[in-house]
Amino acid sequence: MADKNSYQNVMARKNEIMKSAVGIDYEEFESGSIAFDYERMMKEAAYSLDEIVKIQREYSVGNTPIIELKNLTKAARKLAPAGKGARIFLKDEATNPSGSFKARRACVSVYHAKKLGYKGVIAATSGNYGAAVASQAAMHNLKCIIVQECYDSRQKGQPEIIEKARKCEAYGAEVIQLTVGPELFYEFLKLLETTGYFNASLYTPFGIAGVETLGYEIAQQFRGLIGRDPDAVVCTNAGGGNLTGTARGLIKAGAVGTQIVGASVNLKGLHMASDTQFNRKSFTTGHTGFGIPFSTFPDRSDVPRSAGRPLRYMDRYVTVNQGEVFYITEALAQIEGMERGPAGNTSLAAAFSIAQEMDEDQVIIAQETEYTGAGKHLQPQLSFAKENGVELLIGDPKDEVCGQNIILPKTPDLIKAVDLDMDSLRASYIRNAVSKADSISDSDIKFLAEDTKTTEAFVKDIIEKIGGTHQ
Amino acid sequence: MKAKKGDWVRIYNVVLKPEERAESLPEDTKKVPLEMWDKGFLMDEYAALGDIVEVETIIGRKISGKLLEIAPNFDINFGTGVTETMYIGRQLKELIGE
């Protein structure tokens with residue numbers, strides 16, 4: 001008889017392990033086909049915005065300042081055509097207890113785990129979310145395990161990830177570090193099963209609802225600051241939760257005219273599960289390696305239905321190159337006096353470029369920052385890139401070849417956010433969804449239109465092109 | 001180097017051998033094992049590096065693995081003097097003027 005804990009056997013128990021580890025019966029919201037009742041899942045499985053505000057206040061999460069970046073705006077206006085150059089603002093999420101907006105997500109998940117009587121929480125993450133869960137678990141007196149993908153087979157680890165391991169341990173969490181590979185999920189399932197802890201997944205309704213306060217605060221704060229809503233909000237996009245939660249919060253505040261822009265670091269050509277390519281990138285999150293697959297197939301996460309559904313809310317999706325984000329990180333320190341972590345500045349690099357397309361009387365906000373420190377800083381990250389054979393050059397960042405070089409813009413006018421084709425992303429999402437379904441009903445068409453922010457005609461057109469059967 | 005009971009140590013395990021790994025992996029990843037590291041207080045009376053030991057992790061789980069490091073450090077710093085970024089501040093200050 002095969003070992004109960006073999007890879008195949010554990011993966012076969014995935015659904016039952018997950019059901020007891022998140023306390024949600026996703027079946028309740030399913031239609032049996034492509035469609036599911038997203039809004040009802042968000043309403044019934046999570047908390048109301050008022051409840052979340054109360055929970056977050058109790059655990060010192062959120063209510064972060066918005067800062068106007070006057071010098072960066074001045075620089076953008078020097079580069080923009082006459083009359084162009086929107087005012088650039090920044091939501092300083094680094095001031096959350098664990099140093100990033102992820103505290104918002106963790107806060108609600110960990111609160112919920114405590115309420116349901118779980119003894120501990122587990123999260124699979126190499127990012128700021130681990131520190132956020134560990135910090136909230138410490139506040140709630142729950143045990144915490146964080147599982148990280150950290151090293152390549154030479155046991156070389158990204159300094160940014162090692163710093164996050166240190167931070168998790170600082171908050172009293174146990175940190176399990178693994179080499180590269182999607183079987184991290186296998187180790188994660190075994191841990192959930194043996195400990196009986198709560199899966200503080202990034203993608204549950206609690207996690208995403210926790211980010212709604214971010215969007216809500218942006219609307220409220222801008223109404224106080226300038227008397228109206230911002231024209232554009234730029235969200236760094238990886239798994240989709242940051243953008244989804246922020247957009248939902250803005251909508252709940254009535255800021256329906258604000259453009260929602262996703263921004264990811266361009267890591268084109270690098271395979272996320274490749275042992276030899278793992279350390280040839282300088283960003284471990286906020287990049288296209290997560291951003292594009294999670295946008296076009298959100299239900300690839302560790303729960304049956306992801307509450308993070310970026311295409312449902314996104315108006316525009318841009319990429320910026322690694323060298324551009326490092327430049328902006330240095331700019332933020334040098335002319336704004338704010339030292340923050342590089343990955344969190346992805347949206348700021350995009351905002352700096354997009355502001356130059358906008359009118360002077362408009363406003364744009366990059367909606368997050370993250371903490372910085374040894375390992376998680378442009379100096380060690382660039383130093384690590386060089387040690388791993390990546391060339392550091394100064395030139396035009398559009399020539400950057402991921403994994404081979406990082407190109408710092410020679411001059412700031414070379415920082416250019418590059419648009420991804422929204423309709424092709426939406427079509428790709430529809431193709432992915434349809435390929436997994438036996439047949440497509442009217443309610444599936446309606447769902448796909450909502451989930452891609454398009455029309456039923458658009459969805460039908462794509463399905464027709466791929467020869468799908470609509471019943 | 002010897003570790004004694006109660007010492008804070010780092011242990012190592014192979015989770016999956018190359019032949020046990022998932023099907024759809026890139027070729028380079030398929031060739032290597034899935035490895036893991038964890039930390040805890042040594043439960044054995046004495047142990048040498050390389051011994052298979054039992055530890056109690058910070059949250060109280062008891063697990064075993066190969067003893068790798070005693071008093072492990074994080075080995076992170078601010079890198080080795082990257083100077084390529086030095087132009088950025090001066091360039092921007094010149095651009096925005098007084």
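This is a predicted model: local features need pLDDT of at least 70, side-chain atom pairs count only at pLDDT 80 or more; totals for chains, interfaces and linings use all residues.
Reader: What share of the residues in chain B is buried, and what makes a residue count as buried?
Author: In chain B, 26% of the 98 residues are buried.

Reader: How do you know that chain B is more spread out than a compact globule?
Author: Start with the layout: chain B has 2 helices and 6 strands, and along the sequence they follow the pattern β-β-α-β-β-β-β-α. For 98 residues the globule rule gives 13 Å, but the radius of gyration of chain B is 22 Å, well over that value, so the chain is more spread out than a compact globule. Taken along the principal axes, the C-alpha atoms of chain B fill a box of roughly 65 × 40 × 25 Å. As for its contacts between residues at least 6 apart in sequence, 50% join residues at least 24 apart.

Reader: What makes H17(A) and H18(A) roughly perpendicular?
Author: The axes of H17(A), residues 442–451, and H18(A), residues 456–466, cross at roughly 110 degrees and come within 8 Å. Angles of 65 to 115 degrees count as roughly perpendicular, and therefore this pair gets that name. On the H17(A) side the contact is made by Ile445(A), Lys446(A), Leu448(A) and Ala449(A), and on the H18(A) side by Glu456(A), Phe458(A), Val459(A) and Lys460(A). By class, that is 5 nonpolar, no polar and 3 charged residues.

Reader: How many residues does each chain bring to the contact between chain A and chain B?
Author: Chain A brings 49 residues and chain B brings 35. Elements of chain A that give two or more residues to its side include H8, helix H5 (70–79) and strand S5 (174–179). By class, the chain A side has 24 nonpolar, 15 polar and 10 charged residues.

Reader: How do you know that S5(A) and S3(B) pair?
Author: Pairing takes at least two bridges, and S5(A) has 2 bridges with S3(B), residues 34–42, in the antiparallel sense. Gln177(A) stands opposite Trp37(B) there.

Reader: What makes S1(A) and S13(A) edge strands?
Author: In the open sheet of 7 strands in chain A, the order is S1-S2-S10-S7-S8-S9-S13, with mixed pairing. S1(A) and S13(A) each pair on one side only, and they are the edge strands. S1(A) pairs with S2(A) in the antiparallel sense over 3 bridges, with Ile67(A) opposite Leu90(A). Helix H11(A), residues 241–252, packs on the sheet, where it touches S7(A) and S8(A).

Note on methods: Residues are numbered from 1 along each chain as its sequence is written. Chains are lettered from A and ligands numbered from 1 in the order in which they are written. Helices (H or I, at least four residues) and strands (E, at least two) are DSSP runs, numbered from the N terminus. The radius of gyration is taken over C-alpha atoms; the globule rule is 2.2 Å times the number of residues to the power 0.38. A residue is buried if 20 or more other C-beta atoms lie within 10 Å of its own, exposed if 12 or fewer, and partly exposed in between; C-beta atoms are placed from the backbone. Two residues are in contact if their C-beta atoms, placed from the backbone, lie within 7 Å. Axes are lines fitted to C-alpha atoms, for helices over the stretch in contact, and angles run from 0 to 180 degrees between N-to-C directions. Angles under 35 degrees count as roughly parallel, over 145 as roughly antiparallel, 65 to 115 as roughly perpendicular and the rest as oblique. Ala, Val, Leu, Ile, Met, Phe, Trp, Tyr, Cys and Pro count as nonpolar, Asp, Glu, Lys and Arg as charged, and the others, Gly among them, as polar.
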